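Dear colleague,

I am passing on the structure below for you to look at alongside this message. Please keep it open while you read, as the notes after it go through what was found.

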Amino acid sequence: VGDTTTYSELSGIKTRDMSGTQKDLRFAAAFLAFVLICQLIARSHMVQIDPLAGTRRTWTTWALHDFLRVNSGAPDVVFLGSSLMLTPINMADAQALHATFDGALHHESNWFEAVVKEKTGSDISTFNFALPGEMPSDAFLIEKDVLKAEKTPKVIVYGVGPRDFMDNLLASPSSTDPYHWLAKLDSSDSEWEFCGQDWYQKLNCAVANAFMPNRVRLQLAEDVTARTATLVDAVVPAPSGGYVFTPQQKHLMMPGYHSMDVVLGECLFEPRVDIHAGRFVNNLDEYRGRYAHPDWDKFQTQLTFLAKTLSLANQRHIQFVLVAMPITDVNRGLISDQAWGAYKNGLGALARSKNAVYLDLNKSADFTDFDFGDTVHLNALGGIKMVKQLAELTVADPRLSEALGLKRNKPKFVTKGVAVL
Amino acid sequence: LLFNSLQYLVFLPTVFLLYWLLPHRVRVPLLLVASYVFYMSWKPIYGLLIAGLTLSNFFLVKFIASDEARKKVWLGVVIAVNLITLGVFKYAAFSMDTVRDGLGLFAVNWREPHLHIILPLGISFFVFEFIHYAFEVYRGKPTVKSLTEFSLFASFFPTQIAGPIKRYQDFIPQLSIPIKFKWEYLDEGMQLILLGLSKKVLIADNLSTVVQAGFSHPEHFSSIDLWLITYAFAFQIFFDFAGYTDIARGSAMLFGYKVPINFNLPYIAANVSDFWHRWHISLSTWLRDYLFIPLGGSRGTKWFTYRNLFITMTLGGLWHGAAMHFLAWGAYQGILLILHREYSTLLEKVGLAKTLLQSKIYHWVSVIVTFQLVCIGWVLFRADNWKITCDMLTKMAQAPYDLLHFSAQQLSVLQIRDPSIFPALVLILPALMIAQFVIGWLNGRRFYQSPPWVVQVGAMVAMMCLLTIFSPDSSPRFIYFQF
């Protein structure tokens, strides 16, 4: 400021040579080379695709690791759903069985197994594949690529909530943590379905996949990042004895970075001395953002994925239980009647048409505000009730009990958890 | 649309193909339609805003040219129309908050009305282009005859959202020259676009993680950490904005249009005045031509000049956003410029040996000191509130003491191993700084100005591969979009 140099002189606009006489096709050559490199990488199997090879552990990879590498055979019952399902199942186990469970490692519903055992005398095995943020699109991928062959369960219990269909904070089905890992298992080139709603996203997806399949790209990014980290560790080692940041501090400082990563001991489910003493968290603001201006394309996309999940279960002769998870009245109040109607009618119609067992827990008078930890997630009290209802339904419904080979016993089972109730 | 969005990857090639397939006479209208599609894809209603301002300026400025006797009045009217529009959309809520806070000091409890105003993207940029046009016509330059061409000047999609702030004398004449497609347009344009995307996605977005952590929780970091994090922000905002400008220039070049540069290696500036010749050049020259000079410039006493400098830079700060911290940043820049003038005068008075002032050591020391001063300004610019600003600056002031007792254990950036950008900062920041010097040195070399074909193609392939692998699902918005 203060001199008289003109903007054009400073920026060099007058002097820049743009005669454009060279016809050297630099970009065309570069683009061709790029396409060839992509094809080489995609077709040569240079990239070893393995979602569990890296050191990162998220809710999804912990569950995948347990299911594919630790457990042998198939569980009888698999639970699917988001945190709406994950939280109450784990809290119910902790409370009813008076034990502490690490969320990263605990992938069963011991309370469900116990109630079924009490009702029928039969031992059944369960696996909880409910993951934070899991959408119907993710549930479909889990069923398609994980719950197959010798890992096929007899029954799937899938708990859904309105958020699973109308979450404004989610860009596309491919932006969830489960998709990030499960896409690597999916070799059927079905990425197109996960690209999102609008044709821009679909076109981009088609073009991107033509260059390099998404699973290869994700694995390559993971490998390069890991190698970079190794290199940085070698060149700039961590000094010993310094301040160690807790996972919670890191999540707080970097809310958008690897938010689904979870380490051992980070998320413990512990029994409460007084089950009624839990703190209620008002998360209405968060859900206002999620529900505002329902995106019907998004809604329809997720409903379609749910339909495909049910169809695939039929093909694989898996009995399916679709559960409309309870939410509080204040949370329900954020959803327009039109959206709520579309959600409820959609679930009912799908369950009927696909011959699934449908349990609408919103109609249940058992759940009051005392059963919730916030406006949507059931607490330990609510979790115990919910899992018990699911177990009782499993025993009572002939299709489910037949699939699981259950007999009916007279009630004789009392646990500390029941005593609490 | 955003440059780093999927939509732009579809939009740009479509417009590019249509542009070169159609005859010259329909190319300007095509770009105009494309520019409005680009703008209205965000909020269609705001298409009316840019169209209304374009029409107002186009016709009102004609009065400046035709009504010689009252051209000053007409200039005032044009400026008022533009500034009132900008004020309503950008500063209304801020003004109300300021009044409320002010009344609060006198125990007056006033609840300001809640204004549901969403800031139209790019309004600060195209309003400044309109004001520039009015001033130039007032100063005797010719008006634009074609409404279509004038509309495109204001709405040209590559520069619509975050500049560079164009000059109509440079841009309008290019529209009437019938040009044929040349491969060089594609080569140069795509090279710039890839370079811009790489700056944004590979450098700025990665640094943003560190910056977010440090500026939201400074309590977890030592004084030296905070300096490193501030340096990281200095490079984040530079690569973010320079990346945007490269994409804008590259996009314009695909259509055969030249848009000027906005940055010229700002962090090798040897003083603050030099910095403002290298940083956001289109804004700094605008402020000089249409604010500093009309205020009287340096045509008066020393204190008159300083007053003008201070007002210019403070308002320049406020232009960035309706918030006190931007105002403070602008005032800080004004004070630095004044101090620099005083310092230069003092050196002349003291009669320090010219050889010392021209020595390389003095130059390097000046570059280092200038960079530190600029970085202190970035703390004011980036911090979300006064508490964080004060906490950070207070802690950063302890750095000399901490350096005397330095141990690697002090550095929290070395303790956070994931993401590895934290420990890598100690490698990346010096590398980025050295790169500025190397590019400054290379700028005059023929090899750099016109690298061999293989080098150019190799660089483009490398950028395409890296962008494909590391393209995030949703890259953060460009920082300057908010302004």
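In strand β7 of chain A, A:D360 is the bridge partner of A:A324, and β6(A) and β7(A) run parallel, joined by four bridges. Helices and strands here are DSSP runs numbered from the N terminus, with helices being H or I over at least four residues and strands being E over at least two, and two strands pair if DSSP finds at least two bridges between them.

Before going further, please note that this is a predicted model, in which local features need pLDDT of at least 70 and side-chain atom pairs count only at pLDDT 80 or more, while totals for chains, interfaces and linings use all residues. Residues are numbered from 1 along each chain as its sequence is written, chains are lettered from A and ligands numbered from 1 in the order in which they are written, and side-chain values use heavy atoms, with hydrogens and water left out.

The sheet in chain A

The pairing of β6(A) with β7(A) belongs to an open sheet of five strands in chain A, with the order β3-β1-β4-β6-β7 and parallel pairing. Its edge strands, each pairing on one side only, are β3 (126-128) and β7 (357-360) of chain A. On average, and with direction ignored, neighbouring strands of this sheet are turned by 15 degrees against each other; angles run from 0 to 180 degrees between N-to-C directions, and axes are lines fitted to C-alpha atoms, for helices over the stretch in contact.

Within this sheet, β4 (residues 155-160) and β6 (residues 319-324) of chain A pair in the parallel sense over six bridges, and A:I156 stands opposite A:F320 of β6(A). Helix α4 (residues 83-97) of chain A packs on the sheet, where it touches β1 (77-81), β3 and β4 of chain A, and its direction makes about 125 degrees with that of β1(A); contact means heavy atoms within 4.5 Å. Helix α14 (residues 337-353) of chain A also packs on the sheet, touching β4, β6 and β7 of chain A, with a direction that makes about 155 degrees with that of β7(A).

Five of the six residues of β6(A) are buried, so this strand is largely enclosed by the rest of the structure. Buried means under 20% relative accessible area and exposed means over 50%, with partly exposed in between, using a 1.4 Å probe and protein chains only.

Two loop residues in chain A

A:H317, in the loop between α12 (296-315) and β6 of chain A, has a positive phi of about 60 degrees although it is not a glycine, and at 71% relative accessibility it counts as exposed. A:A149, in the loop between α6 (136-145) and β4 of chain A, has a phi near 50 degrees, again a positive value in a residue other than glycine, and it is exposed, with a relative accessible area of 61%. Most residues other than glycine have a negative phi, and most peptide bonds are trans.

Chain A as a whole

Chain A holds 17 helices and seven strands, and buried residues make up 53% of its 421 residues. Of the contacts in chain A with a separation of 6 or more, 79% are between residues 24 or more positions apart.

Chain B

A cis peptide bond, with omega about 5 degrees, joins B:D418 and B:P419, and B:P419 lies in the loop between α19 (412-415) and α20 of chain B. B:L425 is in helix α20 (residues 421-442) of chain B and counts as buried, at 0% relative accessibility. Leaving aside residues up to four places away in sequence, B:L425 touches B:L207, B:V210, B:L228, B:A232, B:V413 and B:P430.

Elsewhere in chain B, the axes of helix α10 (residues 223-254) and helix α17 (residues 386-397) come within 8 Å and cross at roughly 115 degrees. The residues that make the contact are B:S223, B:L226, B:W227 and B:T230 of α10(B), together with B:M392, B:K395 and B:M396 of α17(B).

Finally, 12 of the 12 residues of helix α12 (residues 281-292) of chain B are buried, so this helix is largely enclosed by the rest of the structure; among them are B:W286, B:R288 and B:D289.

With best wishes
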